[in-house]
Amino acid sequence: MFGFLKNYTSPFRLAKIGIMGMNVRNCRYISPYNPRELYPLVDDKLQTKKIAIKYGVTVPALIGCIRHQYEVGSFREMIGDRTEFCVKPAQGSGGKGILVVVGRSGDHYLKPNRQELTILDIERHISNILAGLFSLGGKLDKVLIEELIHFDNVFDGYSYEGVPDTRVIVFKGFPVMSMMRLSTARSDGKANLHQGAVGVGLCLNTGRAIRAVQFNSPVHQHPDTGRDLYQLQVPHWERVLKLASSCYEMSGLGYIGTDIVLDRDKGPMLLELNARPGLAIQIANAAGLLPRLRAIEKLLKDDPRMTVEERIEYSRKNFGVYR
Amino acid sequence: MMSRTSYYLIIAILFLLGVALMIYRNVFFEVPLMPSETREIWSVEAKIKFTAAKEEAPVKLSFAVPRNQKGFTILSETPSSPGYGVNFTEERNQGRAVYATRNATGAQELFYTVNIMKDPMAKDQAVTVPKIRFSDDQDVAAQARNAIIASAQSRSADTATLVTEIFKIVDSKDQNANLLLKDTAKSALLTELLLRAQIPARVVNVLYLKDKRRRQELNDCVQFFDGDRYYLLDPETGDIGHPEDVLLWEYNSTPLIDLTGGHNAQVLFSMAKKPVPVKNALSEKFKDTGLINFSLDLLPLEEQAIFRDILLLPVGVLVVVFLRIVVGLKTSGTFMPVLIAMAFMKTHLLVGVVGLLLIVSIGLIMRFYLSRLNLLLVARISTVIIAVIGIIVFLTVITFQFGITEGMKITFFPMIILSWTIERMSILWEEEGAKQVFVQGGGSLLVAILAYLAMSSLIVQHLTFNFLGLQFIIGALVLLLGNYSGYRLTELKRFKPLVDEMQAEQVAGKNNDSRDA
C-alpha cells in the first residue's frame with residue numbers, strides 16, 4: 001500500500017545534505033534579498049542591457065528593438081542582410097519565445113535545426129511577443145533583436161544547436177555554484193534542464209566539469225555528439241567569475257542566477273539575469289546550496305564589506321572541488 | 001526579527017479571534033457545529049368558546065398561556081379574536097393573555113396560537129417552587145392522610161420512592177384513599193399528600209403534544225420538586241419523570257380561564273408538528289435578543305445564496321495553497337482550479353469533468369487551427385472565447401435533444417478563464433510538448449477535484465456559512481503556509497535520485513578510504 005513511498009526520499013536526508021527547496025528559496029532568499037522594485041531590471045532584458053553597459057559589463061550587441069505592432073514591418077530593414085540573429089522577448093521567462101536564426105537560404109531563414117522559416121513566420125513570432133504571449137502574466141512586451149553569439153570553439157561538440165551557457169548563482173556577490181547548460185536534440189536547442197538539456201556541474205575554483213546530468217540521471221557523454229562531458233573546462237574562468245560577481249553591484253539583487261556565454265571573439269558576456277534561479281543546479285553539482293549560503297551569511301555578519309576579488313577568492317577556495 | 005514576532009502575533013490573533021467567534025456563535029446562538037440538524041416546532045392552537053352573559057356587555061377573559069420552560073422555547077404567539085383587544089401579562093409568574101371587549105353578545109370564539117420549539121437548551125423562566133402549605137385540621141380526613149404518609153414513608157428511602165409509594169397507596173383504593181377520594185380529585189389529593197410529606201408540589205395543566213390532533217383538552221398532572229428539579233407525576237398511571245412531549249400550559253395553580261361577563265367557557269386545543277432546519281428555528285428564537293448577531297441569516301435569501309458560494313472560496317483557496325506549497329502540484333493558472341471547482345459545485349462532479357474535458361479538447365483543436373492564421377493575441381483569445389461559448393451552446397442543445405438535462409449545467413463554467421486555459425495549454429503544447437500539457441492540465445484538474453470535494457462537503461458548507469469566524473482561521477492558516485519553508489512533496493521525489501547517488505558515493509568513498517588505509 002505504501003509502495004509509492006519508495007519513490008520519495010526523507011525530508012531529513014535532504015536537509016542534512018542542505019538541498020534547497022522551492023519554498024526555502026522563495027521565503028528565505030529571494031524574498032528578503034531581492035527587493036521587489038529591482039525586478040524590472042532583470043525581468044526586462046532591455047533594461048538589463050542598459051545597466052550592464054553602464055557598469056561596463058559585456059553583453060551581446062543589440063541590433064534593434066521593436067516596441068509596437070506597426071514597427072513589425074521594419075524588421076526586415078532592421079536586420080538588413082544579416083544572415084544570423086536572435087529574436088527575443090524582453091520579458092520572457094525560462095527561454096520562452098527565443099528564436100535563433102543561423103542562416104538564410106533564398107527567401108527562407110534557417111533555424112539551428114535547419115527548419116526553414118519565412119519572413120511571415122518571423123513577423124508572426126514578433127507579433128506574438130509584442131502581444132505578451134511569452135511574458136509573465138501576458139503583459140505587452142518588447143522584442144529584442146540581438147547579434148548571434150559565436151560560441152567559443154572549445155565548446156565544439158558539447159552542445160547540439162543552441163548556445164552553451166554558464167549559469168552562476170551569485171549570492172551577495174559571492175559565486176556559490178555554477179553549471180553549464182548544454183542544449184540537446186531533446187531540448188530543441190533550449191538550455192532548460194527540464195526540457196532535456198544536459199547540466200554540467202562546474203568546479204568553482206577551476207571551471208572544470210564535476211559531473212553531468214540529463215533528466216536527473218548522470219550522463220558521461222553528450223547524448224547527441226558523444227563528447228566526453230567530463231573533459232569540459234570553461235576557459236577564462238576567472239573572468240567568468242568576475243563578470244558574475246559584478247552583477248550583484250550592478251543589479252542590487254542579493255540572490256541571482258547569471259547566465260554567461262563565451263563568445264570566441266569577445267570573451268564572457270552576460271546573457272541575462274534571473275531573479276528566481278532554479279534548483280536543478282544542485283543536481284548537476286551533486287551538492288546542496290544551503291550550506292554555502294549559510295556560510296556566506298555568517299561571513300558577512302563579521303565583515304560586510306568585501307571587494308569583488310576577495311569574494312571570488314573566498315568562493316574559489318571554499319566552494320571549489322579541484323585544486 | 002520584529003516583523004517575525006508581529007507576524008506570529010497576527011496569526012495567533014486571527015486564529016484566536018476565529019475560534020472565539022465560532023464559540024460565541026455556538027454557545028450564545030446555539031448554532032450547531034454539525035449540519036442537518038432539525039428542530040421540532042409545534043404549532044398549537046387554543047380555541048376558547050363561551051357565551052356572553054348579557055347583550056352588548058363588556059367581557060374580560062384572562063387565559064393562561066405557556067412560557068419558556070424546560071425542553072421548550074416559545075417562538076411566537078398570536079391571539080386572534082375579532083372585536084377583542086388583547087394584552088399579554090404576567091400574573092404570579094404565569095403568562096396570561098387578556099382578551100377584552102366592550103360589547104359582546106351570544107356565543108364567542110377566541111383563538112390563541114403559539115409556535116413552540118422543542119429545545120434541549122431552553123431557558124426555564126416559567127417554573128417556581130411552590131411553598132409548602134396545608135391546613136392543620138385534625139379531622140378524620142387528616143388522620144387518613146397521615147396514615148397514608150406514614151405508611152409510605154416507612155417503605156421509602158428518598159423523594160422519588162416516597163412519591164411512588166404515596167401514589168401506590170392512593171391508586172390501590174385502600175380504605176383511607178377511598179375516603180379521601182370521595183370529595184377530592186386524585187391529582188389534588190396527591191398534591192396535598194406530597195405537601196404534607198414536605199415535598200413541594202402543585203397541580204399543573206399539561207398538554208400532551210401529539211401530531212395532528214384536534215379537540216384536545218389539557219390534563220391534570222402533579223408537579224413535584226426534588227431540590228431545584230421538578231418531575232411530573234401522571235395521576236392516572238403513576239409515571240414519574242419529564243416526558244418530552246408534555247408541555248406545561250398552566251403551571252402556577254392559577255385558573256386556566258378567568259372570565260367576567262360570560263359563562264360556559266370551554267377550551268379545546270389542536271396541534272401540528274413540523275421539523276424545521278435548526279438555523280431557521282434559531283433565527284426566530286434570537287430574533288429579539290440583545291446579543292450582537294452578526295449573522296448572514298439576516299440578509300435576504302438571494303444574498304444569502306450568493307454568500308453561501310463566496311464564503312466557500314477561501315476553502316478552495318486553502319486547498320490550492322496547500323497543494324501548491326506543501327505538495328508542489330503544478331497547475332495552469334494559480335486559482336483557475338478553484339473557479340473550475342466552483343463550476344463543478346453547480347454541475348456536479350461527473351458532468352463537470354466530462355463537460356470541462358469536452359470544452360477544453362474541442363477548444364484546443366480549434367486553437368490549433370487558429371494558430372495558423374497569424375492572429376494577434378487579443379483577437380485570438382477573443383476568438384477562443386466566442387468558440388468556447390459556441391461549444392457550450394452546442395453541447396447544451398445536443399445533450400438536451402438526447403434528454404440529458406445535466407448538459408445544461410455546463411453554462412456555469414467560467415468562459416473567459418477557460419479560454420485562457422485553452423490558450424496557455426495550446427502554447428504549452430507547441431513549446432514543451434503534449435506531456436507538459438497533460439501534467440499541468442491533469443494537475444489543475446486534480447486540484448479542482450480536490451477543491452470541489454472540500455467545498456461540496458455539507459459540513460464545510462455549514463461551517464463556512466454559519467461561522468464567519470472560520471474565515472479568520474482559514475486566513476491564519478494561509479498566512480502560516482506563506483512561511484512554510486520546508487520541502488515540497490514533489491521535491492522529495494525530484495531529489496530522490498540525487499540523494500541516493502550521493503549516499504552511494506559516500507559509502508564507496510569510505511570503502512576506498514579503508515582500502516587505502
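Predicted model: local features only at pLDDT ≥ 70, side-chain atom pairs only at ≥ 80, totals over all residues.
Me: What share of chain A counts as buried?
Reply: The share is 45% of the 323 residues of chain A. The term applies to a residue if 20 or more other C-beta atoms lie within 10 Å of its own.

Me: Which residues have the most contacts inside the largest nonpolar core?
Reply: They are A:Val170, A:Val200 and A:Cys247, in a core of 89 residues. Helix H7 (residues 237–251) of chain A gives the most to this core, namely eight residues.

Me: Why is this core said to lie between domain 1 and domain 2 of chain A?
Reply: Domain 1 (9–43 + 152–319) and domain 2 (61–147) of chain A both give residues to the core, so the core lies between them.

Me: Which residues does A:Cys247 touch, not counting residues up to four places away in sequence?
Reply: A:Cys247 touches A:Val57, A:Val170, A:Ile256, A:Thr258, A:Leu270 and A:Leu273. A second, separate core has 57 residues, including B:Leu162, B:Phe167, B:Tyr251 and B:Met271.

Me: Why do strand E11 and strand E12 of chain B count as edges of their sheet?
Reply: The open sheet has five strands in the order E11-E10-E9-E7-E12 (chain B), with antiparallel pairing. Strand E11 (240–241) and strand E12 (246–250) of chain B each have a single partner strand, so one side of each is left without a neighbour in the sheet.

Me: How many bridges join strand E10 of chain B to E11(B)?
Reply: Two bridges join strand E10 (residues 229–233) of chain B to E11(B), and the strands run antiparallel. The pair qualifies because at least two bridges are required. B:Leu233 has B:Ile240 as its bridge partner in E11(B).

Me: Which strands of chain B does helix H5 lie across?
Reply: Helix H5 (residues 186–196) of chain B lies across strand E7 (201–208), strand E9 (219–226) and E10 of chain B, and runs at about 140 degrees to E7(B).

Conventions: Residues numbered from 1 in each chain as written. Chains lettered and ligands numbered in written order. Buried ≥ 20, exposed ≤ 12 C-beta atoms within 10 Å, placed from the backbone. Core = buried A, V, L, I, M, F, W, Y, C linked by C-beta atoms within 7 Å. Helix = DSSP H or I, 4+ residues; strand = E, 2+ residues; numbered from the N terminus. Domains from an automatic or database assignment. Contact = placed C-beta atoms within 7 Å. Axes fitted to C-alpha atoms, helices over the stretch in contact; angles between N-to-C directions.
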